[in-house]
Amino acid sequence: NFGLILADMRNPFFTAISISAESETRAINAGLVMCHSAEDVEREAQNIELLIQHRVQGIILAPVTNAEHNFQKLLDRDFPVVLVDRAPSIGF
C-alpha cells in the first residue's frame with residue numbers, strides 16, 4: 001500500500017492527482033490510503049506518522065507551504081517519497 005497526502009482535497013488539481021494515484025496503485029495491485037492535511041503543518045505531520053505506522057511502502061506528498069521539517073523527517077528516515085505540486089527548499 002501507498003499513502004497520499006494532499007494539501008487541499010477541495011482543489012480540483014488535487015482531485016485529479018488522487019484519481020491518477022489511485023489508478024496507478026490499483027494497476028500494480030496495491031492500495032492507496034488518502035489523507036487531507038487542509039494546509040495545516042501539524043496535520044500533515046500527523047498524517048505522515050499515521051502512514052508510516054500503517055507501514056505504507058511510500059508516500060506521495062503535496063506538501064503544505066513552508067513545511068520543510070515534515071519533508072526532512074522523511075528524508076532522515078530514508079523513506080520513499082514523491083513530491084507533487086510544491087517542492088521544499090531542502091533535500092535537493
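# Questions about a predicted fold

Biologist: Which residue in β4 is the bridge partner of Leu-61?

Modeller: The bridge partner is Leu-83. This is a predicted model, where local features need pLDDT of at least 70 and side-chain atom pairs count only at pLDDT 80 or more, while totals for chains, interfaces and linings use all residues. Numbering starts from 1 along each chain as its sequence is written, and side-chain values use heavy atoms, leaving out hydrogens and water.

Biologist: What joins strand β3 to β4?

Modeller: Three bridges join β3 (residues 59-61) to β4, and the two run parallel. Two strands pair if DSSP finds at least two bridges between them, so these two qualify. Strands are DSSP runs of E with at least two residues, helices are runs of H or I with at least four, and both are numbered from the N terminus.

Biologist: Why is one side of β2 and of β4 left without a neighbour in the sheet?

Modeller: The open sheet has four strands in the order β2-β1-β3-β4, with parallel pairing. Both β2 (32-36) and β4 (81-83) stand at the edges with a single partner strand each, so one side of each has no neighbour in the sheet.

Biologist: Why is Asp-8 called buried?

Modeller: Its relative accessible area is 18%. Buried means under 20%, exposed means over 50%, and partly exposed is in between (1.4 Å probe, protein chains only), so Asp-8 counts as buried. Asp-8 sits in the loop between β1 and α1 (12-27).

Biologist: And why does Phe-13 count as partly exposed, and Phe-14 as buried?

Modeller: Phe-13 has 42% relative accessibility, so it falls in the partly exposed range. Phe-14 has 2%, so it counts as buried.

Biologist: What makes the pair of Phe-13 and Phe-14 edge-to-face?

Modeller: A search of the whole structure finds one aromatic pair. The ring centres of Phe-13 and Phe-14 are 5.4 Å apart and their planes stand at 65°, so the pair is edge-to-face. Rings of Phe, Tyr and Trp (its six-membered ring) pair if their centres lie within 6.5 Å; planes under 30 degrees apart are stacked, over 60 edge-to-face, and the rest tilted.

Biologist: How do you know that the radius of gyration agrees with a compact globule?

Modeller: With 92 residues, a compact globule would have a value near 12 Å, and the protein has 12 Å, so the two agree. The radius is taken over C-alpha atoms, and the globule rule is 2.2 Å times the number of residues to the power 0.38.
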